[in-house]
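Here are my notes on the model, as numbered points. Please read them with the structure open.

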Amino acid sequence: MTQQQPESLPPEKEPGSSAADSAPATNRVAEPAAVYQVQQQPLNARLSAPPTHVVSGHHVPSEVWQFAVANELLPHLGTAVQLVYESFPIVSKIRFEHAIDPEIENNSWITIEVVGSGTVAEVLTQMNKFDREMISQVPVEKGARICLAVGGL
């Protein structure tokens, strides 16, 4: 008894094949291939925060910072913040704002907004102390560009 080898079928007749599989490459339709390259920023670059400006431990918005640098007010802002803490016994918040006078051209300043507490009379006394110290420690032309606003009474 001899075993016979099964006869092989032509490719187009084999089960599971189609005529398209055996068609010459020139008759096939190919889909275009696209190559994408993805660049990722290093982790430390993605986590870095925008630059922050700080005066005496308080965040200063970029607009205020730019105005202070342009008018040479940075050391005087530090002095003003120190005087706020010396003049007002309770300060719960300090915020800086660049204010522009809508009526007088080219007139602007930095407002230091302070949230404090006390009676109206106490706060007025504290503001007067702040003003006296600013006048004695900051040149008048620089002090005129720094304004104090107290709220939260």
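1. E113 counts as partly exposed, because its relative accessibility is 23% and the buried class ends under 20%. The model is predicted, and this value is computed from it. E113 is found in strand β4, residues 108-116.

2. What does E113 touch beyond its neighbours within four places in sequence? The contacts are K93, I94, R95, E97 and A149. A further pair is worth checking on screen. E113 and G151 are 38 residues apart along the chain, yet their C-alpha atoms are separated by 7.5 Å.

3. Now the sheet. It is open, has 3 strands in the order β3-β4-β5, and its pairing is mixed. From one strand to the next, the twist averages 25°.

4. The pairing of β4 with β5 is parallel and runs over 6 bridges. V114 has V150 in β5 as its bridge partner. Helix α4 packs on this sheet and touches β3, β4 and β5. The direction of α4 makes about 145° with that of β3.

5. Helix α4 itself covers residues 74-87, 14 residues in total. From first C-alpha to last it reaches 20 Å, close to the 20 Å expected at 1.5 Å a residue. Its buried residues are H76, L77, G78, T79, A80, V81, L83, V84 and S87.

6. Which residues touch the most other members of the largest nonpolar core? They are L77, V84, I94, F96, I110, I112 and F130, out of 24 residues in that core. Two or more residues come from each of α3 (62-70), α4, β3 (91-100), β4, α5 (120-137) and β5 (146-151). α4 gives the most, with 5 residues.

7. F96 deserves a look. Leaving aside neighbours within four places in sequence, F96 is in contact with H58, H59, V60, P61, V64, L77, V81, I110, T111 and I112.

8. Finally, the whole protein. It has 6 helices and 5 strands, running α-α-β-β-α-α-β-β-α-α-β from the N terminus. Buried residues make up 25% of the 153. Among contacts between residues at least 6 apart in sequence, 58% join residues at least 24 apart. The protein exposes about 11,500 Å², with 54% of that supplied by carbon and sulfur atoms.

Methods. Residues numbered from 1 in each chain as written. Predicted model: local features only at pLDDT ≥ 70, side-chain atom pairs only at ≥ 80, totals over all residues. Heavy atoms only, no water. Helix = DSSP H or I, 4+ residues; strand = E, 2+ residues; numbered from the N terminus. Expected span 1.5 Å × (residues − 1). Buried < 20%, exposed > 50% of the residue type's maximum accessible area, 1.4 Å probe, protein only. Contact = heavy atoms within 4.5 Å. Areas by Shrake-Rupley, 256 points an atom, 1.4 Å probe, with all protein chains shown as cover. Core = buried A, V, L, I, M, F, W, Y, C linked by side-chain atoms within 4.5 Å. Pairing = 2+ DSSP bridges. Axes fitted to C-alpha atoms, helices over the stretch in contact; angles between N-to-C directions.
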